Amino acid sequence: MASSPRELVKVVSRYFLGNTSIIEIAVATLMAGGHLLLLGPVGGGKTTLAKALARAVGGSFARVQMTNETLPSDILGYGVYVQGEIRIVKGPIFNNVVLIDEINRGPPRTLSALIEPMQERTVTIEGATLRLPTPHMVVATMNVTEIATGATAPLPLALLDRFTASLHVNYVDPAREKEVVKMADYLDQLDGKPQATTPLTFDMGKVYVADDVLDYIIKLVDAVRRDGRVAVPLSTRAPIALYRLARAIAVLDGRDYVIPDDVKKAAVPALAHRIITKPEYSDVEPVRIVEDALREVEPPTRI
């Protein structure tokens with residue numbers, strides 16, 4: 001188990017041999033108290049990254065393999081009658097880190113059931129509202145190839161909006177593929193179970209964000225909203241996610257204040273997955289829209 005933000009990055013990098021910036025955003029999302037959506041083709045290392053993150057942070061871990069037959073009770077839990085009383089059997093969602101593999105395969109009813117725990121940090125079973133542990137993070141993987149070919153439907157926007165950040169995890173660079181092959185047996189033993197029962201916690205409330213930097217965040221989100229290629233305006237969760245992720249990136253870099261570069265680094269992970277393009281712009285990647293907004297909006301020069 002890691003003992004600091006930078007140590008978290010080092011621990012995860014022992015198992016995930018992809019881009020270091022991907023690991024940093026994943027760790028920053030955890031520090032920000034958010035949820036992470038991992039996008040990419042099958043076999044790209046999404047599940048390995050999620051397991052490594054869970055192992056590094058400590059606490060409890062559970063994995064759910066989503067299918068078109070997965071029920072809400074398979075994730076949240078259920079109530080059973082015992083001698084005339086209802087007893088709650090908690091589901092895997094009641095763990096510190098919950099990996100939901102191939103979330104795009106889930107049926108609509110089950111996907112909808114994830115909104116309460118991801119937003120409110122509570123679960124309602126048989127009329128009883130139960131608090132989730134702290135910290136609590138959902139790490140979901142999604143096979144974009146299946147969605148592109150029509151094998152599965154895209155996730156509903158209401159659920160996408162609950163993810164603080166998203167990351168594209170592509171195949172490892174050919175130069176490092178040899179290392180992955182050599183580590184195959186070692187990686188197969190990675191079960192995601194943390195090395196310590198007490199998870200790391202982070203206090204982002206003490207990170208200073210100047211008004212000019214906050215204005216920069218708002219202007220970036222507004223630029224995306226005004227983009228003529230965007231079909232649905234971003235909700236207020238977008239600037240909140242960008243704000244929280246930028247603070248975590250600042251701490252990861254050893255600072256207690258946010259600079260514009262932190263916002264720039266957080267912009268694509270925090271905003272891209274929330275963008276729905278108009279049908280006539282279906283060939284435009286959301287990442288490009290965020291990058292255009294970054295070029296359009298001038299960052300503050302003094303904070």
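This is a predicted model: local features need pLDDT of at least 70, side-chain atom pairs count only at pLDDT 80 or more; totals for chains, interfaces and linings use all residues.
Residues are numbered from 1 along each chain as its sequence is written, and side-chain values use heavy atoms, with hydrogens and water left out.

The place to begin is an open sheet of five strands, paired in parallel and arranged in the order E2-E5-E8-E1-E9. Strands here are DSSP runs (E, at least two residues), as helices are (H or I, at least four residues), numbered from the N terminus, and two strands count as paired if DSSP finds at least two bridges between them. At the edges stand strand E2 (61-65) and strand E9 (165-168), each of which pairs on one side only. From one strand to the next the twist averages 15°.

Within this sheet, strand E1 (residues 36-40) runs parallel to strand E8 (residues 137-143) and is joined to it by five bridges; Leu38 stands opposite Thr141 in E8. Strand E8 also holds Asn143, which is buried, with a relative accessible area of 7% (buried means under 20%, exposed over 50% and partly exposed in between, with a 1.4 Å probe and protein chains only). Leaving aside residues up to four places away in sequence, Asn143 touches Gly40, Pro41, Val42 and Asn104, where contact means heavy atoms within 4.5 Å. Helix H2 (residues 20-31) lies across E1, E8 and E9, running at about 160° to E9; such angles run from 0 to 180 degrees between N-to-C directions, with axes fitted to C-alpha atoms, for helices over the stretch in contact.

Two packed helices are described by the angle between their axes and the distance between the axes. For helix H12 (residues 237-252) and helix H13 (residues 260-271), the angle is about 130° and the axes are 8 Å apart. H12 and H13 are therefore oblique to each other, since angles under 35 degrees count as roughly parallel, over 145 as roughly antiparallel, 65 to 115 as roughly perpendicular and the rest as oblique. Residues making the contact include Leu242, Leu245 and Ile249 of H12 and Val263, Lys265 and Leu271 of H13.
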